[in-house]
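These are my notebook entries on a structure I looked through. I put down what I looked up, in the order in which I looked it up.

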Amino acid sequence: MQVIETYKLMIYGLVQGVGFRPYIFRLAHTHRLKGWVENRTDGVILMINATHEGVLKFRDEIIHTAPVASAIESIEIVKAGRQEFSSFEIRNSEDISDAVTEISPDIAVCPECLYDMKEQPHRKGYPLINCTHCGPRFSIISDLPYDRPNTTMALFEMCPVCRAEYTDVSDRRFHAQPISCNHCGPVYRLETTGGQLENMDDILSKVKDIVAGGGLLAIKGTGGFHLICNAFSEEGVKRLRNMKRRNGKPFALMFRSADEARKFVKITRKEEEVLTSWRRPIVLLRKKRNITKGIADGLSTLGVMLPYMPFHHQLFEHLDTPAVVMTSGNFTDEPILISNEKATRMFAGYVDGVISYNREIFNRIDDSVVAVTGKATMVLRRARAYAPSPIRTGIELEDILGTGAELTSTFCMGKGQQAIMSQYIGDLKNLETLDFYREIYDRFCRMFRFSPNLVVSDLHPDYMSTRFARQLAEEHPNIQHISVQHHHAHIASGMLDAGLEGEVLGFSFDGTGLGSDGHSWGGEVLQAGYLNFERLFHFEYIPLPGGDKASLEPWRMGLSYLYRCFGDELYELQIPLVKAIDRKDIGHITMMIDQKLNTPLSSSAGRLFDALAAITGLNYYSSYQAEAPMLLESVLDPSEKGVYEYEIDDKQVSFSLMIKSVVEDIHDGLSIGRISAKFHNTVVNLIFQLSKRIRIESGMNRIVLGGGTFQNRYLTRKVMDKLKKERFDIYLPQRIPMNDQGIAAGQIAIGAHRRKLM
Ligand SMILES: [Zn+2]
Ligand SMILES: [Zn+2]
């Protein structure tokens, strides 16, 4: 006979704000278990009376059926002293508002709600349907605890039916804070020059007409407005491009279903898992065939997402097209628009209709962007459905703020052992974006009860994020300010992500970051721990003609490399770049280099990719960040296995031999695709050779990759495969972006270790 005993279960992980306690309550009922469940800061705790077999079965079922947006890290079971319970109940923890600091990210609509949308009388066709397992969270919350009065649903009073569901613990909508229905919730509206529509059927049929006619629409999403058009209307895509005032930056598409997307892109099983997950990010997928001109010209990948709001599903029920372009509602690089009034004012004259609903978006948040390489998932833009989930670490990070970098900025707050990263913010040189940064910082301080005593910034004195850190320290004498080197922060970020201690070998490759010697760095091989780093090797310093301008105009880097290798003979080279650029302009560049006029030195990996793209004639002017490297990766012919030579001296890696061979290959008529493959293979080879050499010298076997260059999937996959085969332990950040969004997290990890010495 099985003995019934009292068991205590501690469930750790992200289990708050995702309907976890009601879920446990219902599960306990079906298992006929008595006891209670209660929230704790780091998870939930529950007591039950059960047999040993019963408690194990219960645990297994929790692991297999927990709410999708929860993330259970571990479940501990211990025997407690025998107690009697009369029922199973949800206990209210008293200090909940201070203790619970976790805010659930926004969750895509769940299948049950989509079903209710068809069947439930009071929610038939209700476009803002949600339950405890799905719907808006972070985007509507203004303060903790996560209760309706602290959300933008506060203005809407529940009808009796909704209230009954909200208070019925056995209902799927028990304590679903944004609960609402056709009788009591926010409503959609379509504004066109012809007037306003509020009836959903009218809205959807009008939308169908507009999209079919190649028109543009602004649609309010979860974290901001989107601009959409039929993905198969060349005219629509062209209008959208003109409106956005950006030339080549690829547009993301929303497909009706994964099956529809599969007609245009390859989807691996792992990619499909991410694409259809509750997070519903944009996933970069390999094109099978070309799609409409103007969407992602010259690129081998397409950004694809699936419907995630109830309204998106309704939209595709009405549209004939299987896909729409869906891009952030903003002009060029401003933050995504969230206000109905502003959207109507700004977009009128450009679009054929503005669709909004009368619930305010409190926290602006873009769609996230993810790419899969091999088994690894890389978060390229960490925003909707990822932020503000904390990154759990093993390091005490309390009260430390990292202010991040500049171009793709975020900040990061340390709370206990958690790193709480802000959503992707954008380029701080843009004034509106800087305002967004400051605004979201104040909100995070309030919501997460955060006030820093140590603020860590980049080394670059002119970054707006550094100025922000300085200002905080000036205004608050209790706050200390330290700065850390950019590429060190990248490696520390990767170490934090993987939970590493001690020292690692770091390859920190990106576009730019101020080095400790005052030059611009970016092709860095570091021996690094959290406290310090040593620069073992770096790419050879090359003049950047025109400084920052060189990063937007790859032709400048191309010439700089050619001039280094060939001197004045470069004029005689029969290659596209030399033919395309006016002799006078070439002369101007070489003069600048000779006279050291506005030609800062750089060891950047990003600029080396730029140079290759220019020398091969692929890209002379970039219309968006990292265009040249992306084009170079896109044309790559994977059947080419060749490599180029390079030289490593005491500290520097020189690519002059490679550049000379590239020019020869162009003369010999080798295709750009094969030259690109040989170039990528060369960088892989370099990382491989250096890793082996350094391991022999110092025994270091753990390798961390960091920096935007590793967003290049071919490069990263090859490096990982090759190093794994040689039994290296290799780490690519999974939870934290490897690009500059990850800098802030690296900064607080370094800060935590330096603080111990202060
Ligand atoms: Zn739901
Ligand atoms: Zn209602």
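Entry 1, Thr-152. I listed the contacts of Thr-152, leaving aside neighbours within four places in sequence, and found Ile-140, Arg-359, Glu-360 and Phe-362; contact means heavy atoms within 4.5 Å. The model is predicted, so local features need pLDDT of at least 70 and side-chain atom pairs pLDDT 80 or more, while totals for chains, interfaces and linings use all residues. Residues are numbered from 1 along each chain as its sequence is written, chains are lettered from A and ligands numbered from 1 in the order in which they are written, and side-chain values use heavy atoms, with hydrogens and water left out.

I placed Thr-152 in the loop between helix H4 (111-119) and helix H5 (160-167). Helices (H or I, at least four residues) and strands (E, at least two) are DSSP runs, numbered from the N terminus. Its side chain reaches the backbone oxygen of Glu-360 at 2.7 Å. Thr-152 counts as buried because its relative accessibility is 10%; buried is under 20% relative accessible area, exposed over 50%, and partly exposed in between (1.4 Å probe, protein chains only).

Which residues coordinate the zinc ion (ligand 1)? I found Cys-110, Cys-113, Cys-131 and Cys-134, each through SG, at 2.2 to 2.4 Å. Donors are N, O and S atoms within 2.8 Å of the metal (3.2 Å for Na, K and Ca); water is not among the atoms, so sites may look incomplete. The angles among the four donor atoms run from 104 to 115°, and the site is tetrahedral, a label given to four donors if all angles lie between 85 and 135 degrees. The ideal angle for four tetrahedral donors is 109.5 degrees. The spacing of the donor residues in sequence is C-x2-C-x17-C-x2-C. Cys-131 and Cys-134 are both buried.

I looked up the protein donors here and got the SG atoms of Cys-159, Cys-162, Cys-181 and Cys-184, 2.3 Å from the ion. Cys-159 lies in the loop between H4 and H5 and Cys-184 in the loop between H5 and strand S6 (188-192), so the pair ties together parts 25 residues apart in sequence. I noted the spacing C-x2-C-x18-C-x2-C. Both Cys-159 and Cys-184 are buried.

Most residues other than glycine have a negative phi, and most peptide bonds are trans. I found a cis peptide bond between Ala-387 and Pro-388, with omega about 0°. Pro-388 sits in the loop between strand S17 (376-381) and strand S18 (391-392). Asp-399, not a glycine, has a positive phi of about 65°. Asp-399 is in the loop between S18 and strand S19 (400-402) and is partly exposed, at 21% relative accessible area. Arg-727 has a positive phi near 60°. I placed Arg-727 in the loop between helix H23 (713-725) and strand S32 (729-731). Is Arg-727 buried or exposed? Arg-727 is exposed, with a relative accessible area of 70%.

I found Phe-88 in strand S5 (residues 88-90). At 4% relative accessibility, Phe-88 is buried. Not counting residues up to four places away in sequence, Phe-88 touches several residues, among them Ile-24, Phe-25, Trp-36 and Met-47.

How values were computed: Polar contact = N/O pair within 3.5 Å; in protein donor to acceptor, adjacent residues only side chain to side chain. Tetrahedral: all angles 85-135°; square planar, octahedral: opposite > 155°, others 65-115°.
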